[in-house]
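Here is a short report on selected local features of one structure. Keep the sequence and the 3D view open as you read.

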Amino acid sequence: MTSDVIVSRSPVPSADVPASVHPSVSFVLVTFGTDRIVIDTLTSLVSSLIDAGGKYEVIVVDNPHPSDRQRTLRHLLLGTRGVRIVRPDRNLGFGGGCEIGALHARAEILCFVNPDITFAAGWFEPLVEHLRDPGISIVSPVLCNADGSIQEIGHRLLPTGWTLPQLVGTVSDGLIDVDFASAACWLMRRDEHERIGGFDPDYHPAYFEDADLAVRSSILGGRRVVDPTVSIIHHHGASTPDTPTTLAQHDVMVKRWPHLRWTQPRVATT
Amino acid sequence: MFELTPVDSTLALRFGVVRPTGSRQVVATAEARIVRHELERRLGVVTLDLRVDGDEIGPWKSLATASWPTDVDHVIDNHQLWGDATPALTTLFGRTLESSAIGVRRRMLNHLGLLPASDSVLDDEWLAGIDLPLRPTDFWIMVNAAGSVNFGDRALTSFRTSKDHTDEILLDPIFDQIAESHSVDHPAIPAKLIQRLTAECDELRQRVAGSESDMLRAATEAADALDHARAEIGVLVDRLARAEIRAS
């Protein structure tokens, strides 16, 4: 596998990522034929971090889409500056894209973000603060729909292997423990991501890889939590023109974790 | 901002690890992880600061935010401590891995086209061709997947799992010795922890005292304001009474 790396240099960027030699956080986005919404996402991301004072980098892994391999690249080159664009020679899927992005990442905190998110100022600092606790493996915000309604406060893993978004949760120590949260936005320490093994390519091209990683985290004693005070808008389904089927991935999940019902702690709901 | 210092670092033993200039990043990172892993196996949680010749910081803190702890309990100079055994240190890297994670990572490296074929020879030329910053875990998986390895640097070759465990036999007693000199049974260690906790208590006490004096000042100001208000009310009541008399 080969991949080119381009740094965007638009003279009039909507999203201008400040240069950082030693970033503390690496934001990794995976695209697959993604349209202009990736620019909106990056613009809101950069704007939301202006007052945070941290040094960060943004890596976009642009999986080539068969219909138009240049679509996302054109948007990125026109609308951003300072974004490192990794271009694999084939579609690595979501998990593979995250992992090649993580290989290029230089920071010790990884933040995987979908390219169809709207961020508001102040979303990031509370989340990264939770990672000081070595017992916390993955931390996520509440995902909301564009109309402000709750999309998910993490997911519940059902004994059937299917997953159910939670709309409520029990707060403990200011956090809600969940079976897993959608990898549309989650933060991990890099060493923790490596300790667990990262995403499994058996779920290629997408779906269930986040649930699988969360199960492994759980088995190794890691907490997967949602901070109920932080919310972002997830424009669900807007990140790619294709939506992969999930039956095959579900099949892998069920075969991989036949004892799911007793390996997972149940989350009390109210 | 964004730096991660573990919340329980006050009680953790603090080790500074110095690595020789010029050693590869993948080796230095691996060595630091091994040292931390081996010490934690013996001593519980430790904090670790890695640097080159006192200047650069390794993987545990970012270069931009880290500062050499002035009160490290012990400095480990990798080169001085291990001497000729330094390259063998990386033999222990496999111990730092979760066995459940190895298979997943191996599959992912294969998916990304980065897993060497079982009949391949990994050497310096192969290494030069990798255009990504290699992480120790990936490197460990790669060298153990390959048919053979042939690097000029023995530390790289030693990533390949030892079959006869001679390096472990050589290295384990050294870690045992460090751990013994830093166990809580050692008279110097509780003293250091007590010193650190005392300093933290003093700081907290100062903060509380500061808060107390702030509160006292606020209470005095409030009492003064109350007295002033009472006096004003008295004057107003008096005026009102006089006005009522005049009106009648």
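The sections below cover a loop, a helix contact, some aromatic rings and a pair of residues. The model is predicted.

## A loop in chain A

Start with the loop between helix H5 (190-196) and helix H6 (209-219) of chain A, where A:Pro205 lies. The peptide bond from A:His204 to A:Pro205 is cis. Its omega is near 5°.

A:Tyr207 sits in the loop between H5 and H6 too. Its phi is positive, near 85°, and the residue is not a glycine. A:Phe208 is in this loop as well. A:Phe208 also has a positive phi, about 75°, without being a glycine.

A:Phe208 has 8%, so it counts as buried.

## Two helices crossing in chain B

Now turn to helix H3 (residues 99-111) and helix H5 (residues 136-145) of chain B. They pack at an angle of about 80°. Their axes are 10 Å apart. The angle makes H3(B) roughly perpendicular to H5(B), because angles of 65 to 115 degrees count as such.

From H3(B), the residues in contact are B:Ile102, B:Arg105, B:Arg106 and B:Leu109. From H5(B), they are B:Asp138, B:Trp140, B:Ile141, B:Met142 and B:Ala145. By class, this contact has six nonpolar and three charged residues, and no polar ones.

## Aromatic rings

Across all chains, the whole structure holds twelve aromatic pairs. One of them joins B:Phe139 and B:Phe151. The ring centres are 5.8 Å apart and the planes meet at 45°, so this pair is tilted. B:Phe139 is in helix H5 of chain B. B:Phe151 is in the loop between strand S6 (148-150) and helix H6 (154-157) of chain B. The two are twelve residues apart. B:Phe139 has 0% relative accessibility and counts as buried. B:Phe151, at 6%, counts as buried too.

B:Phe139 also pairs with B:Phe159. Here the centres are 4.9 Å apart, the planes stand at 90°, and the pair is edge-to-face. B:Phe159 lies in the loop between H6 and helix H7 (166-181) of chain B, so the pair ties together parts 20 residues apart in sequence. Both B:Phe139 and B:Phe159 are buried.

In chain A, ring pairs link A:Phe27, A:Tyr56, A:Phe119, A:Trp123 and A:Phe124 into a cluster.

## Two residues set apart

B:Leu193 is part of helix H8 (residues 188-247) of chain B. With 15% relative accessibility, B:Leu193 counts as buried. B:Leu193 and B:Ala128 are 65 residues apart in sequence. From C-alpha to C-alpha, they are 46 Å apart in space.

Definitions and conventions:
Residues numbered from 1 in each chain as written. Chains lettered and ligands numbered in written order. Predicted model: local features only at pLDDT ≥ 70, side-chain atom pairs only at ≥ 80, totals over all residues. Heavy atoms only, no water. Helix = DSSP H or I, 4+ residues; strand = E, 2+ residues; numbered from the N terminus. Buried < 20%, exposed > 50% of the residue type's maximum accessible area, 1.4 Å probe, protein only. Axes fitted to C-alpha atoms, helices over the stretch in contact; angles between N-to-C directions. Parallel < 35°, antiparallel > 145°, perpendicular 65-115°, else oblique. Contact = heavy atoms within 4.5 Å. Nonpolar A, V, L, I, M, F, W, Y, C, P; charged D, E, K, R; others polar. Phe/Tyr/Trp six-rings, centres within 6.5 Å; stacked < 30°, edge-to-face > 60°.
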